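Here are some notes for a colleague who is opening this structure for the first time. Please read them with the model on screen.

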Amino acid sequence: MKKKLLIFIPIILLLFVILFIFDTRLWLTARNLIPPNYYFIAQLITNWGLYIFYAIFVALFVYSFIRKNRKLTNFCLAYLKVQLIFSFAVVRFLKIVLGRARPGHGTEFTLFSLNSSYNSLPSGHAADAFVSGVFLYYLLRHSKYANYRFLPLIYAFLIAVSRVFVSAHYPSDVAAGMSIGILGAWFFVSRLSNEHN
């Protein structure tokens, strides 16, 4: 895992820097990609998309209790920990400390801002979606539904990108959120794998 992290982290940092340089242009381009008649789709995904992931994990948690499946219960508890630690605590901390303006509010950073208009970096939706996506990828990969394992990641990507389309985040905000979600989920999932080997 350490070797993979040594490769993954520099690639993500490079991607983040490139996106950061072209953020405003990329955001404006993305915003204009969706015809006005179809804008509601991006709005629907951004507002309600995460609830599908939440419903799946609630159902898994209930199922694990009914079936007394300790492995699945531990899996669901690990998911909850990652959501609380990475998608909530780490993301919220960085949003407040960095205080980056959201699209339409400028490009500056207002350090230690509690104003939601200046809590753009990183994207909480992107982090949340990718924690869910990576956990479901792992679960499907080790099941009879392995052929569908990439669907949660594709869906997570749609949720993350919708944040740019609806002008809630710049592309680099989304990339940062995705990275936090992937790294957090990856760390916990790899520990689960080691425990069961």
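1. Start at Arg 163. Leaving out residues up to four places away in sequence, Arg 163 touches Thr 46, Arg 102, Ser 123, His 125, Ala 168, His 169 and Val 174. Arg 163 sits in helix H6. Keep in mind that this is a predicted model.

2. What is the nearest side chain of opposite charge to Arg 163? It is Asp 173, 9.0 Å away. Arg 163 is buried, yet has no salt bridge. A salt bridge would need a distance within 4 Å. Arg 163 does have a polar contact: its side chain and that of His 125 are joined at 3.5 Å.

3. Now the core. The largest nonpolar core holds 36 residues. Phe 53, Phe 57, Phe 75 and Phe 135 have the most contacts inside it. The elements that give two or more residues to this core are helices H2 (23–33), H3 (39–66), H4 (70–98), H5 (124–141), H6 (151–165) and H7 (171–196). Which of them gives the most? That is H5, with 8 residues.

4. Look at Phe 75 within this picture. Neighbours within four places in sequence aside, Phe 75 is in contact with Phe 57, Phe 135, Tyr 138, Leu 139 and Leu 192. Phe 75 also belongs to an aromatic cluster, formed with Phe 57, Tyr 79, Phe 135 and Tyr 138.

5. Tyr 51 is partly exposed at 48% relative accessible area. Tyr 54 is partly exposed too, at 30%.

6. Compare Phe 53 and Tyr 155. Their ring centres lie 5.1 Å apart with planes at 70 degrees, so this pair is also edge-to-face. Phe 53 is in helix H3 and Tyr 155 in helix H6, so the pair ties together parts 102 residues apart in sequence. Are the two residues buried or partly exposed? Phe 53 counts as buried, at 2% relative accessibility. Tyr 155 is partly exposed, at 22%. The limit for buried is under 20%.

Notes: Residues numbered from 1 in each chain as written. Predicted model: local features only at pLDDT ≥ 70, side-chain atom pairs only at ≥ 80, totals over all residues. Heavy atoms only, no water. Core = buried A, V, L, I, M, F, W, Y, C linked by side-chain atoms within 4.5 Å. Buried < 20%, exposed > 50% of the residue type's maximum accessible area, 1.4 Å probe, protein only. Helix = DSSP H or I, 4+ residues; strand = E, 2+ residues; numbered from the N terminus. Contact = heavy atoms within 4.5 Å. Lys, Arg positive; Asp, Glu negative; His and termini not counted. Polar contact = N/O pair within 3.5 Å; in protein donor to acceptor, adjacent residues only side chain to side chain. Phe/Tyr/Trp six-rings, centres within 6.5 Å; stacked < 30°, edge-to-face > 60°.
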